[in-house]
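This report concerns a predicted model.

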Amino acid sequence: MASKSIYLDNVSTTKVDPEVLETYIRLLNDYYNSDALYDGGVTVYRHQEKSRKLIAEMLNVRYQEIIFTSGASEANNFVIKGLSLLHPHGHIITSYYEHSSVIEALKQVSRTLGIDVSYIMPQSDGTIDPRDVKEALREDTFLVTIMKVNNEIGAINDLKAIRKAMGNHKAFLHSDMTQALGKIAIDLKEVDMASFSAHKIHGIKGSGFMYKKEHIAIEPLISAGQQEFHLRGGTSNSPANIVLAKTLRKALAKLTDDQRIDEYHDHLINGLKAIKGVRINSTSSCIRSLINISTPIKTEPMINALNLKGIMVSGKSTCGSKEDEPSRTLEAMHIDSDHALRISFDGDIEKEDLTYFLESLKEIIEKYE
């Protein structure tokens with residue numbers, strides 16, 4: 001067992017904030033169904049709807065436009081399948097490197113509903129060119145779905161420019177903003193729909209929400225009762241929904257207050273450049289808290305060697321970590337994913353831990369190369 005424990009996989013998931021966890025545990029005692037009409041249920045419902053209102057206010061949208069879900073994967077499926085049911089045999093535009101919840105949902109609606117999908121390849125810096133979106137638009141296009149921040153290299157897409165490129169086209173613009181929330185400023189006015197997960201911002205797993213403009217018609221994926229404006233049936237996960245407002249508030253506060261991310265990023269970049277055989281795949285168009293690199297050693301042996309030293313990193317999107325298929329993101333950028341590492345951190349880590357990671361990486365490469 002390694003003496004150290006250094007977590008550098010915050011893109012995959014984050015440690016639950018202690019204050020959020022304490023509140024969540026306390027809320028578990030309020031076990032009442034939020035749709036019950038007696039006092040206990042009414043109180044839980046009011047707390048849940050207050051959380052929804054606070055989330056809407058923080059994101060400058062309407063209360064009715066926040067739909068609680070189990071996370072971004074569900075929200076992505078909700079958007080794609082819910083809209084496809086209303087537009088069978090229509091056309092969707094996406095990027096080649098979307099999260100698996102988007103890619104797999106698109107495969108399903110293509111197979112079952114005859115949806116035609118256009119996949120746009122990223123540019124050399126990892127971003128999606130708005131002109132490519134414009135060129136892909138067709139009369140029957142009803143949805144464009146492009147992630148705000150790529151989850152493997154951290155490239156930031158210009159949704160405002162993509163929206164402008166779409167002009168007056170009737171298609172809706174959706175974005176998986178999971179990796180953007182709490183890391184960069186976001187503006188939901190740029191999109192019609194968006195997806196978010198709490199566990200990426202030090203919140204509870206199995207918790208998240210979808211933003212959907214109120215006027216957009218969409219078919220429910222979970223048909224049941226009146227919950228979530230009749231769009232997502234089933235007993236509400238009230239404790240997770242209630243604590244989500246606090247999770248978001250703390251994440252947005254860190255976005256403006258935490259000045260250490262830039263310092264840590266530069267420290268890592270300078271250290272990585274000094275290690276023979278390391279290639280930095282992330283570019284200036286990427287978020288500062290995620291750095292993708294390639295090393296002379298294959299990914300799995302490198303992850304194992306770092307793990308023995310108490311350092312936790314990943315090779316590609318964790319949702320596909322046990323699959324043999326190469327990373328779509330790195331493949332599109334002509335990068336060998338068999339040698340790639342994804343390093344992601346937050347402002348809570350100590351600088352000396354990053355130095356230890358750099359020293360360990362150099363030692364492993366020199367030993368095994």
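Helix α9 spans residues 260-273; its 14 residues reach 20 Å from the first C-alpha to the last, close to the 20 Å expected at 1.5 Å a residue. Viewed down the axis of α9, the buried residues fall within an arc of 170°, so they line one face of the helix. The buried residues are I261, Y264, H265, L268, I269, G271 and L272. On the other side of α9, N270 and K273 are exposed. An α-helix has 3.6 residues a turn, so residues three or four places apart point the same way.

Rolling a probe the size of a water molecule over the atoms shows where empty space is left. In the whole structure, a search finds one cavity of 30 Å³ or more. The largest cavity holds about 30 Å³ of space.

Its lining consists of L27, D30, V44, H47, S238, P239 and I242. By class, the lining of the largest cavity comprises four nonpolar residues, two polar and one charged. Two helices, α2 (39-58) and α8 (238-257), each supply at least two residues of this lining. Helix α8 gives the largest share, three residues.

Terms used: Residues are numbered from 1 along each chain as its sequence is written. This is a predicted model: local features need pLDDT of at least 70, side-chain atom pairs count only at pLDDT 80 or more; totals for chains, interfaces and linings use all residues. Side-chain values use heavy atoms; hydrogens and water are left out. On a 1 Å grid over the protein atoms alone, a cavity is a set of points where a 1.4 Å probe fits but cannot get out, and a pocket is an open set with protein on both sides within 12 Å along at least five of seven lines; lining residues have an atom within 4 Å of a point. Grid points are joined across faces, edges and corners, and a volume is the space filled by probe spheres set on the points. Helices (H or I, at least four residues) and strands (E, at least two) are DSSP runs, numbered from the N terminus. Ala, Val, Leu, Ile, Met, Phe, Trp, Tyr, Cys and Pro count as nonpolar, Asp, Glu, Lys and Arg as charged, and the others, Gly among them, as polar. The expected span of a helix is 1.5 Å times one less than its number of residues. Buried means under 20% relative accessible area, exposed over 50%, partly exposed in between (1.4 Å probe, protein chains only). The arc is that of the directions from the helix axis to the C-beta atoms.
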